[in-house]
Amino acid sequence: MSARAEPFALLRPGLDVIAVGRGVVDLVLEVDALPAHDQKVNGRLVGWLPGGTVGNFACAASQLGLRVGFLGSVGDDAGGQAALDDFRRFGVRVDCMTIQ
């Protein structure tokens, strides 16, 4: 995959859904209790998990049997690679994704 994508490649026939946005990862922490207003609590790292609204939508739609493509970008770092790998694992087309 090149850093520059063909912007209209996803518009070719064969897709049911095009998700547009950024591929991100969510930092997931576990806490013993929810903090009160302005209270600080310690948390334990559960993981850096691919997610975000657009990513979750694209992967869920693909799991439901729709043909999904992602038009957007990911960072040029471990989080971006995790998001890219997750899209591929769920069968989301990423040929129009750019790496920034």
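Which residues of helix α1 (residues 53–63) are buried? They are G55, A58, C59, A61 and S62. Buried means under 20% relative accessible area, exposed over 50%, and partly exposed in between (1.4 Å probe, protein chains only). Helices (H or I, at least four residues) and strands (E, at least two) are DSSP runs, numbered from the N terminus. The model is predicted: local features need pLDDT of at least 70, side-chain atom pairs count only at pLDDT 80 or more, and totals for chains, interfaces and linings use all residues. Residues are numbered from 1 along each chain as its sequence is written, and side-chain values use heavy atoms, with hydrogens and water left out.

The buried residues of α1, G55, A58, C59, A61 and S62, cover an arc of only 160 degrees around the axis, so they sit on the same side of α1. The arc is that of the directions from the helix axis to the C-beta atoms. T53 and Q63 are exposed, on the other side of α1. After α1 comes G65. The phi of G65 is positive, near 100 degrees.

Strands β4 and β5 (residues 93–99) pair in the parallel sense, over five bridges. Two strands pair if DSSP finds at least two bridges between them. S73 has T98, in β5, as its bridge partner. From β4 the chain crosses through α2 to β5, and this β-α-β crossover is right-handed. Right-handed here means that, with the strands pointing away from the viewer, the path from the first strand over the helix to the second runs clockwise.

D86 is placed in helix α2 (residues 78–89). D86 is buried, at 13% relative accessible area. Neighbours within four places in sequence aside, D86 is in contact (heavy atoms within 4.5 Å) with P50 and C59. C59 is itself among the buried residues of α1. D86 also forms a salt bridge with R89. The closest N and O atoms of this pair are 2.7 Å apart. A salt bridge is a side-chain nitrogen of Lys or Arg within 4 Å of a carboxyl oxygen of Asp or Glu. D86 and R89 are three residues apart in helix α2, so about one helical turn separates them.

Five salt bridges are found in a search of the whole structure. One of them joins the side chains of R44 and E30, at 3.7 Å from N to O. R44 lies in strand β3 and E30 in strand β2 (residues 24–31), so this pair ties together parts that are 14 residues apart in sequence. R44 is partly exposed, at 39% relative accessibility. E30 is also partly exposed, with a relative accessible area of 44%.

A further salt bridge links R93 and D95, with the closest N and O atoms 2.7 Å apart. R93 counts as partly exposed, at 30% relative accessibility. D95 is partly exposed too, with a relative accessible area of 37%. Salt bridges that share partners join E30, D32 and R44 into one network.
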